[in-house]
Amino acid sequence: MVVNKHISPSVCFSLITINLLALFPHLNLLPLWLACFCCLCVVWRLFLLKKKIPLPRTFTKLVLIIFVSSGVLIQYIGKSGPEVGVSLLTVAFALKMLELQWVRDGYVITILSIFIACMWFLFSMTLFTGLYAVFIFTLAIALFVQMNRSHDHQKSFVSNIKYACIMLLQSIPMMVILFVFFPRVDPIWANNTQKIDETGLKETMSPSDLADMAGKNQLAFRVEFLKGHIPTEDQLYWRALILSEFDGLEWSVKSSEDFYHTVKMNRPLWLRETQFLGKPIPYRVILPATGQRFAVSLELSKPGTEEFLYTRDLRFLFPDKIVQTKEYEMVAYQKFILENKLSKLRYDQETKLPIEGNERSKSYAKKMFGEARQHPRVYIQSILNSFKQEPFFYTLKAPKLEKDIIDAFLFESRKGFCAHYASALVFLARSVGIPARVVVGYQGGEINPFGQYLVVKQLDAHAWSEIWFEEAGWVRYDPTTYIAESRILDTPEQMAGEATVSDDAILVGGSFQQWAGFRAIRQWGDYMELKWNKVVVSFDKERQEALLSQFWGKLTRQLFLMLSAVALFLMGALFIWFWLTSKKSQLNELEKAYLEYCALLEENGFERKQGETPEEFCRRISVLKPDWAQTLRMITDIFYQEYYASLEPSASLRGSRKKCKKAAHAIVRLAKSLM
Amino acid sequence: MSYFSGIESISGKIDSLVESWLDGRIKPSKKTSLKKNHIFVFPSLYGWYYILMMIVLFIGGINYGNSLILGFTFWSCSLFVVNVFHVYFNLRDLSFHGSKAFNSFVGDDAIFEIIVENLGRHPRDAINISFKNNRKITFSLSAKNSKTICLQIKAVKRGRLNPGKILIESLFPLGFIRGWAWIDLDFEAIVYPAPIPCRWDQTGLDESEENDFSFSKKTKIGTDDFDGLKIFQEGESIKRIDWKHWARTDSLYSKVFVNNLHQGFSLKWEDFEDHNIENTLSYLTYWIIRLTKEGQNFSLELPTTQMELGAGPLHLEKCLNALALWHAPAIQ
């Protein structure tokens, strides 16, 4: 059926190119030696092609295979998951280059390159990845076309690409239909493979960790506000972690916690007693895979119907580690009363401090509390005032503190960033018996003008405190805001090179990245990325069900019929289009009309002889039946005229089709008039 | 042993079933155009590789819940279906006209000329054409164009040769779907017996090149054959003057005619009788070709047919036909 021939050099070259392009993204993932090896294979093959040297023999290939596969296995010993599989596959792919001789190999390599390009989706699902895969797919199709053209009819690379693009565009409609409607079944075995961005917050954080995050320009999450109105920056406090335990050096999450499940209907008493006041602000968070379990929520969010675990301090957790981009909706209330009464247990939990250490701070706290006449709010306010009035500086390059860190910060260095201030404030509050805790999360965010959504980056990570007052519950205090502006030495934005500079400044030597125009481009890119994620990437089983049930609920039968009609229409349209543009169909109409005329005559006893031309037939019958002569002449003339006119190469398709139809009708009409 | 022959006989039976089914669909005709009911499509071997890739991608996409992989799986699938259309339209409405069938000798290749026409606006590429189980010829045609293709088939038996159905096949554009059609162009060629050199006892001639045919050249002045010009002599008949020559060169020449004394060779069946009639026919074939090469007259005498005395290529062809078709085996 298919002959096994050698592939031509041009095809070989294209294959090598596509091999390299498909491998390219994976080289990042492979260990260095393996990446080099793959490149070497490809280059080697190119070399062999150029120099027309025969390919390595079986023995050499066997040695290479053994060497490389053992290398891979050693590298990945103990590990499992897609990295191993993909590595092996890419290595096999690279080695296949050395075996590239026959047409069959060409097909195998091209098919594999499509497969490998798709494998990259396991690790990155950005818009760019999608486009790159489309690029490789197009090249692969063009390669198939090139391999199948007859040898005397080889066309240029561009024309092959054009053909490939046409085919790809033609296959888009069916692809969309399948994408939306094909049932997404559940996975056969559980997997978590997506590349996890581990630059975000973690459950145990020290101040220096938080400082490290200041330099990171990566996306933390995006938020869409469903009622349109985006809160002002000072209202955007995103709670992620609540740290209630202090061991002298670090704050950490409570070791023993009660978790409540949102889906369960019976809410605990304390939640039922929590008051959510004011206007509800519904929003949707799009959170990339973090590998952690916590979900960020705007202060203060009410548990909804999403599958969360929540704690007493109303922080939310996913049941499993987040390994895929998650989207969830919540409702926030800016006025709230959370835990307006504390039980003894809770009180103890939230005022606990290590017995030793930081003595100076403790006595300072007592002194200040005395001065505030034991009023908690006044006391807190006075501490905050002292941050403003006394020489406290905000800097990300604070000195590392070893022992008695609160003392060292408050009385010696007086230089720190949000974590230091929050930590100090909470310590001082707890020292005098006021329940307080450190909250770590994100503050603020940048509004994307194109999509009207909020982009929160890792550098927006922030720490603040929540302090409990009788009857008022937990109240947020952000000590960082009290630092005098002039004493802010560096900001996270500056660290990441993010500060916006006006257009004039660029002329004075501002960096290109800070140019406002460039920022707009980046924002547009982010908007595209968001749309891509929403429409394509997160279209999983739940989404599909939601989409379909939306329709299904309303117009089940009608929709089904409409869909089938649409599908049939599309297929039919294709057929009809091709049928209409086929020259033969016009002639068929004409010929059919003529045959009908012959049939009519035959009924009356005048049979057209085999092989008799219309002209001969006409003449013969005219002699036999003279009173028909004129009509027969007309019929034959029309037939000839249209028949040969439509065979003209210059005849336009639509015009001649109409004429043929007219002629056909005329013929039949005239023939019938004879009877 | 019997197991294999059993399989062979089964496949042979299936083959003949398919043949007869195809025969029902295709009517032999000198001019055919590929239409819907002629064209079949089915995945090729590479198509199965592609399908395998799609399945693996699909499983991977479902398992990892990866929307993008699934998207590409669906796109590949859709492309596969679109490819079916492309293959179909690459073949449809191609018109084949069986124009010439060249006669040949047993053991040679019989050549059949086919004119392919593409009347549409859609260029065709990489179409293979061949007789069943024979060597393929690949061609491509641009829009509104035609091409002449010569297909060959080995002539195995003497007599009438019907080369059978022709396979039109294409894998273009992607190579995953094979589209094919069988047509029957109602070709018929005549296969002459293969010439075998031998001695001809009756005349003393043999296969060697040094035979002396000069005795056959003896002539005398007569009226039969034109033998050249000679200068006009006073008193000769004016009827013999070559006037055209005079018009050209203004000199008078008259035509000379001779009668050939030698009446011509008579090839008889009995002279070459052999236990194998094919050999006899082969010997006769050899001699009629040889004699024609030497420009001799000959007549042919077969048990049921006779060919008159004659010479030249036309006569040769008639005699070859007679030899080829003499009690010829059934059409193959």
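Student: Which residues form a nonpolar patch on the surface?

Tutor: A:Ile177, A:Met562, A:Val566, A:Phe569 and A:Leu570 form it, with about 470 Å² of accessible area together. Accessible areas come from the Shrake-Rupley method with a 1.4 Å probe, and for residues only the protein chains shown count as cover. Before we go on: this is a predicted model, where local features need pLDDT of at least 70, side-chain atom pairs count only at pLDDT 80 or more, and totals for chains, interfaces and linings use all residues. Residues are numbered from 1 along each chain as its sequence is written, chains are lettered from A and ligands numbered from 1 in the order in which they are written, and side-chain values use heavy atoms, with hydrogens and water left out.

Student: What makes a set of residues a patch?

Tutor: Each member needs over 30% relative accessible area and no salt bridge. Nonpolar side chains (Val, Leu, Ile, Met, Phe, Trp, Tyr) are joined within 5 Å, like charges within 9 Å. Take A:Val566: its relative accessible area is 39%.

Student: Why is A:Val566 called partly exposed?

Tutor: Buried means under 20% relative accessible area, exposed over 50%, and partly exposed in between (1.4 Å probe, protein chains only). A:Val566 has 39%, so it is partly exposed. A:Val566 lies in helix H18 of chain A. Helix H18 (residues 541-580) gives the largest share of the nonpolar patch, 4 residues.

Student: What counts as a helix or a strand, and how many does chain A have?

Tutor: Both are DSSP runs, numbered from the N terminus: helices (H or I) have at least four residues, strands (E) at least two. Chain A has 22 helices and 19 strands.

Student: What makes A:Glu339 and A:Arg312 a salt bridge?

Tutor: The rule asks for a side-chain nitrogen of Lys or Arg within 4 Å of a carboxyl oxygen of Asp or Glu. Here the closest N and O atoms are 3.0 Å apart, so the pair meets the rule. The two residues sit in distant parts of the chain, 27 residues apart. A:Glu339 is in the loop between strand E12 (326-337) and helix H10 (344-351), and A:Arg312 is in the loop between strand E10 (309-310) and strand E11 (316-317).

Student: Are these two partners buried or partly exposed?

Tutor: A:Glu339 has 6% relative accessibility, so it counts as buried. A:Arg312 has 27%, so it is partly exposed.

Student: How do you know that A:Lys341 and A:Glu471 tie together parts apart in sequence?

Tutor: Start with the salt bridge: the closest N and O atoms are 3.5 Å apart. A:Lys341 lies in the loop between E12 and H10, and A:Glu471 in the loop between strand E18 (461-469) and strand E19 (473-477), so the pair joins parts that are 130 residues apart in sequence. A:Lys341 is at 57%, so it counts as exposed. A:Glu471 is at 46%, so it counts as partly exposed.

Student: Which side chain does A:Arg346 meet in a salt bridge?

Tutor: A:Arg346 meets A:Glu350, at 3.1 Å from N to O. They are 4 residues apart in helix H10, so about one helical turn separates them. A:Arg346 is buried, and so is A:Glu350. Both belong to a network of salt bridges that includes A:Arg312 and A:Glu339. Over all chains the count comes to 28 salt bridges.

Student: Why is the pair of A:Tyr453 and A:Tyr527 called stacked?

Tutor: Rings of Phe, Tyr and Trp (its six-membered ring) pair if their centres lie within 6.5 Å; planes under 30 degrees apart count as stacked, over 60 as edge-to-face and the rest as tilted. This pair has 6.3 Å centre to centre and 25° between the planes, so it is stacked. A:Tyr453 lies in strand E17 (residues 453-457) and A:Tyr527 in helix H17 (residues 516-537), so the pair ties together parts 74 residues apart in sequence. A:Tyr453 is buried, because its relative accessible area is 0%.

Student: What makes A:Tyr597 and A:Phe617 edge-to-face?

Tutor: The angle between their planes is 65°, with 6.2 Å centre to centre. A:Tyr597 is buried, and so is A:Phe617.
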